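Biologist: Please take a close look at one part of this model, the place where the two chains touch. Walk me through it step by step.

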Protein chains: 2
Amino acid sequence: MSAARAVVLLSGGLDSTTLLAIARAEHRECFSLSLDYGQRHRAELEAARMISTRLGAAEHKELKLDFGQIGGSALTDPALEIPLERTPGIPVTYVPARNTVLLGLALAWAEVLQANEIYIGVNAIDYSGYPDCRPEFVAAFETVARLGTKAGVSKGSFQIRTPLIAWSKVEIILRGVALGIDYGMTVSCYQADADGRACGLCDACFFRREGFAAAGIVDPTRYQGVVANK
Amino acid sequence: MSAARAVVLLSGGLDSTTLLAIARAEHRECFSLSLDYGQRHRAELEAARMISTRLGAAEHKELKLDFGQIGGSALTDPALEIPLERTPGIPVTYVPARNTVLLGLALAWAEVLQANEIYIGVNAIDYSGYPDCRPEFVAAFETVARLGTKAGVSKGSFQIRTPLIAWSKVEIILRGVALGIDYGMTVSCYQADADGRACGLCDACFFRREGFAAAGIVDPTRYQGVVANK
């Protein structure tokens, strides 16, 4: 039984929700993990909890880590503004070493669960400015997981699954729709309101909007009043 | 200046205190990081803060992470007893994937500081049962750090320094004494009291006691009354 267990990193956004649906479709017993890292809003975390139940995860865990203390990201540092325009290079919404931290925490839980798989929704296309979204980074972490855990050592392997890594936003959305996901329950926006309604203006909203348009799918995102008709 | 910056993982125990003294002797501008992972006592964390100041770190940070939620270790799970005898294999005081998590958090701070070195006091001898204390694990994490951070990518390198990795407890103590450390301010015990006095009975106390005895150094540890004369 433990061979089919997997920890799934679930933010509550579009990508990680699709990821969880894929892991379930791949017959994994899923343990979804969200990180409360001092996001500006809790709507995403609440979405993650609901999505976990709806998609049939065995257990959901929310871990609190005060990432704001480390600083360096507009997502956790109130002194930095969320940009409303696309700019070249690594965006200020980048959370330092985020995927290393997320994978490390997932690995800790995987070890307790005797799972030797982690699913993470990294994507090398939309976020090509982030060094920790590349296949070579994922491969390096897989080695860390294999060498640094009891399960990895005894089984001689540990898999980091990244099914979305080479997909466009359109491909992700189409796969999710095929798996029956209601994307209305997901929250991608960096500055959603308390009800989980999106701003429609930030990077995350931009990519998501574009994705639905290009996929020819009606955008089910709930937008805040003022931008609803933009 | 940033080339000489290093994040130093500091628990407040004997090994990591020696580590910080070594990093300082190697002329690094040190940023010490402690993890409040739900230890049974705060004495170790308070020791870390004091040691950081005494040894001249540029800044000290204490990050809170509720590791108890993940479970699996006697150090964070009140349902598990701290063993008072040595047993073969991986001890129940092992915190799952601990060094991966610690290194991940240190990496996040290193990225904000534009440091590309982390010092960690892993030791492959005393703790040979822990898979994440081995040189091959450290090398694998170094690759993760190089590939997964802006600094690592732009500089093409990132160093994880482990000066203690092959040293016996005696060698660590002798080096620390040579560097002028007052080990009376360090706390190693898994169940120290509120004043930082050690139980004298747990694994950590055992190795420490043995170390001072073998080094021929008077043990400066402050023990709790009942075991002081054992």
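Modeller: Two residues are in contact if their C-beta atoms, placed from the backbone, lie within 7 Å. This is a predicted model: local features need pLDDT of at least 70, side-chain atom pairs count only at pLDDT 80 or more, and totals for chains, interfaces and linings use all residues. Residues are numbered from 1 along each chain as its sequence is written, while chains are lettered from A and ligands numbered from 1 in the order in which they are written.

Start with chain A. In chain A, 68% of the contacts with a separation of 6 or more join residues 24 or more positions apart. Chain A has seven helices and five strands. (Helices are DSSP runs of H or I, at least four residues; strands are runs of E, at least two; both are numbered from the N terminus.)

Now the contact. Chain B gives 36 residues and chain A gives 36 residues. On the side of chain B that touches chain A, the elements giving two or more residues are strand 3 (59-64), helix 3 (98-113), helix 4 (135-148) and helix 5 (150-155) of chain B. Helix 3 of chain B has the largest share, ten residues.

Next, symmetry. Chain B superposes on chain A by a rotation of 180° with 0.0 Å of shift along its axis (RMSD 0.0 Å). In chain B, the C-alpha of L65(B) is nearest the axis, 2.5 Å from it. Both copies use the same surface: 100% of the contact residues of chain B recur in chain A.

Definitions and conventions:
Copies are superposed by least squares on the C-alpha atoms of residues with pLDDT of at least 70 in both.
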